Amino acid sequence: MADWSKIEDKELLAAFRVAESKEQAFAALIKRYQERLYWHIRRMVVHHEDTNDILQNVFIKVWRNLEEFREDAAFYTWLYRIGTNETLTYIEQQKRKSTQSMSDNEEGENIYASKLKAEQGYDANKIEWKLQQAIHTLPEKQKLVFNLRYYDEMPYEKMAEILNTSEGALKASYHHAVKKIENFLKDN
Amino acid sequence: MKVEGHIKDELIALGGLQLLNASRQMPFAYPENYFDTLDTSCFKTDNQSIDYVFTKQMPFAAVPENYFDQLSLNILEAVKKSNTILENISKTMPYQIPKAYFEQLPAQVLFKIKTTHSEKRNQGAIFRMVQWAASIAVLLMLSFAIKNAPKKATQDTNFSLEDVSAEEIANYVHNNIDEFDTDILLSSMSNSTIKEIDKANNLSSEEIEAYLNDEGWN
């Protein structure tokens with residue numbers, strides 16, 4: 001029996017196109033990327049339930065479109081791009097919903113502050129949580145850039161492919177994000 | 001001031017031997033102490049009768065002792081300090097994940113993929129079944145109208161299909177159900193349509209109910 005965890009992406013994609021090995025190949029791809037993608041999403045949306053919904057939708061979309069996937073781009077990049085788009089769309093929908101249900105004085109509040117407080121083990125005095133608060137003061141795209149660079153240590157070149165932005169703009173964005181986070185942590 | 005060095009060599013090469021012994025001192029005269037006072041006089045203007053000496057010395061208090069010696073060290077320390085805020089924070093996320101979440105995820109995704117596929121197929125079958133049910137209803141209505149039209153027409157010349165209520169149609173079908181030969185109805189349908197109806201017949205009442213609810217028919 002083949003050890004699917006040791007098979008390269010390209011071979012797994014080929015196995016996906018064969019009816020008999022389709023599911024096993026797909027399960028192997030999920031296993032390979034689930035944690036990275038999970039954290040990529042969760043760092044943006046905070047709650048596990050929201051993350052799980054988005055993550056499952058991402059993999060369902062991948063299943064539906066994988067046969068048409070052109071292998072001139074890396075599977076990993078393509079997966080991250082779908083994950084990022086799904087996450088941003090979800091955040092937009094959530095924001096629209098919460099703006100509709102919020103009263104005027106609540107409107108300006110950061111929706112993430114309450115999300116973070118609701119998390120299990122939240123402790124406002126712990127630096128890890130303060131860092132999350134700081135990150136969630138950033139605009140969504142800057143937050144994405146910061147997370148990809150700081151946590152995933154992704155090269156700017158890769159980030160440019162995923163976010164469809166120039167490397168220069170990403171560097172500037174990261175630089176601004178770091179400054180804002182540093183200032184937040186100093187002030188709080 | 002005699003010519004020396006490479007300038008002398010150059011003059012010899014050029015044949016300027018007389019110039020070698022000449023003094024290079026300028027013969028022109030200039031005011032006494034002119035160069036001693038030149039710097040201050042540059043800042044004198046015509047309408048400034050009082051002479052003042054401009055010095056570049058800053059009027060501020062003296063710089064602390066050893067300030068510049070320690071400056072580079074202080075800067076490096078400050079840079080270190082500002083970096084350490086982020087550097088000292090663990091990159092481990094503080095969030096919790098349900099137990100065995102990642103072990104179960106692939107199976108969950110595959111299950112969802114399969115169920116959404118079969119749900120879609122079932123929804124398609126139900127939709128086609130409802131379409132056929134509607135077609136059969138129209139067929140029944142027409143046959144009802146054709147059968148009753150001449151009789152009705154004698155009674156009511158303004159008869160139209162709109163005048164027949166659903167209740168009347170249902171009663172008619174109930175009372176004359178034997179006249180609706182399923183074989184005749186089926187013979188007018190294509191093979192693929194019959195297959196669709198067979199599929200639809202195998203649907204559970206829950207599936208039909210769910211479909212009707214989704215479509216807002218219930």
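The legends below describe close-up views of a predicted model. Local features are given only where pLDDT is at least 70 and side-chain atom pairs count only at pLDDT 80 or more, while totals for chains, interfaces and linings use all residues. Residues are numbered from 1 along each chain as its sequence is written, and chains are lettered from A in the order in which they are written.

**View 1. Helix 1 and helix 2 of chain A cross in a left-handed way.** Helices here are DSSP runs of H or I with at least four residues, numbered from the N terminus. The axes of helix 1 (residues 9–16) and helix 2 of chain A come within 7 Å and cross at roughly 145 degrees, where axes are lines fitted to C-alpha atoms over the stretch in contact and angles run from 0 to 180 degrees between N-to-C directions. A crossing is called left-handed if the near helix is turned anticlockwise from the far one by less than a right angle. On the helix 1 side, A:Leu12, A:Ala15 and A:Phe16 meet residues of helix 2, including A:Phe26 and A:Leu29; two residues are in contact if their C-beta atoms, placed from the backbone, lie within 7 Å. By class, this contact has 7 nonpolar, no polar and 1 charged residues, with Ala, Val, Leu, Ile, Met, Phe, Trp, Tyr, Cys and Pro counted as nonpolar, Asp, Glu, Lys and Arg as charged, and the others, Gly among them, as polar.

**View 2. Helix 2 of chain A bends at A:Gln34.** Helix 2 covers residues 22–45 of chain A, and its bend is about 50 degrees, taken as the angle between axes fitted to the seven residues ending at a residue and the seven starting there. Helix 2 is followed by A:Val46, whose phi is positive, near 75 degrees.

**View 3. Helix 7 of chain A packs against helix 9 of chain A.** Helix 7 (residues 140–150) and helix 9 (residues 167–187) pack at an angle of about 90 degrees, with their axes 9 Å apart. The two helices are therefore roughly perpendicular to each other, a term used for angles of 65 to 115 degrees. Among the residues that meet are A:Val145 and A:Phe146 in helix 7 and A:Leu170 and A:Tyr174 in helix 9.

**View 4. Chain B touches chain A.** In this interface, 21 residues of chain B are in contact with 26 residues of chain A. Helix 5 of chain B gives the most to its side, with 9 residues, and that side divides into 14 nonpolar, 5 polar and 2 charged residues.

Notes: Parallel < 35°, antiparallel > 145°, perpendicular 65-115°, else oblique.
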